[in-house]
Amino acid sequence: AYIKGAGDEVPTYLKQIGYEVTEIDPNSITDNSIKDYDAVILGIRAYNTIPELKIKQPVILEYVKNGGNVIVQYNTSQNLVVEDNLAPYMLKLSRDRITDENAEVTFLDKKHEVMNLPNKIGVDDFNGWVQERGLYFPDEWADEFTPILSFHENGEEPMEGSLLVAKYGKGYYIYTGLSFFRELPAGVPGAYKLFTNMISIGKN
């Protein structure tokens, strides 16, 4: 299931690689309507632009608790329609971003499922990215989150909030500020591999 955000074309590119993607109206979200999806993906800035998500957020988090997989793509820290429950655990967004598309990447947890199944992710998968690595990374998060990647550019301190994964109940909550909305249209193979791993987490 995909809840489109602002100017969001990611569903088109997921369909092109063989996923069955249902774009859902946020107003239609109920426990029953989303329970059978392998993943529920929220598009870019969905929590900035869709007021209905304030009401539907408890349903989305309950879906995770019952074994679902939620992937939330970047949002800005201002004008969030959810206040303290963007995630099942503490998560604070910032203005941190990596504008150098070639910024050095370090793997913080090489053995994590999201780095290995079904695709083995290596440094080469971060070659050929366009325009940036990502934006509006969280800069604070609860211990339940596992940071997966660190990026370093221009002598700045490394940023570790681009991809955070947390187990919640029987399911997984993933928050990512990586710019998949740019990389998928550009045909970046590594971005497709990593997005596939995020969708597949817990199902391998």
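Start with the largest nonpolar core, which has 42 residues; L14, F126, L149, L184 and F195 have the most contacts inside it. Such a core is a set of buried Ala, Val, Leu, Ile, Met, Phe, Trp, Tyr and Cys residues joined through side-chain atoms within 4.5 Å, and buried means under 20% relative accessible area (1.4 Å probe, protein chains only). Among the elements giving two or more residues to this core are α1, β5 and α6. Colour α6 next: six residues, the largest share of the core, come from it. Helices (H or I, at least four residues) and strands (E, at least two) are DSSP runs, numbered from the N terminus.

You are looking at a predicted model, where local features need pLDDT of at least 70, side-chain atom pairs count only at pLDDT 80 or more, and totals for chains, interfaces and linings use all residues. Residues are numbered from 1 along each chain as its sequence is written, and side-chain values use heavy atoms, leaving out hydrogens and water.

Now select F126. Its contacts (heavy atoms within 4.5 Å) include L149, F151 and R133.

Hop to R133, in the loop between β5 (104–107) and β6 (134–141). What does its side chain reach at 2.8 Å? Show the backbone oxygen of A103 to find out. The backbone oxygen of E101 lies 3.2 Å from a polar atom of the R133 side chain.

Finally, pick I29, in the loop between α1 (10–16) and α2 (31–34). I29 is buried, with a relative accessible area of 2%, and touches residues including I3, I24 and V59.

Key. A polar contact is a pair of N or O atoms within 3.5 Å; within protein, one must be able to donate a hydrogen and the other to accept it, and residues adjacent in sequence count only if both atoms are side-chain atoms. Buried means under 20% relative accessible area, exposed over 50%, partly exposed in between (1.4 Å probe, protein chains only). Lists of a residue's contacts leave out its neighbours within four places in sequence.
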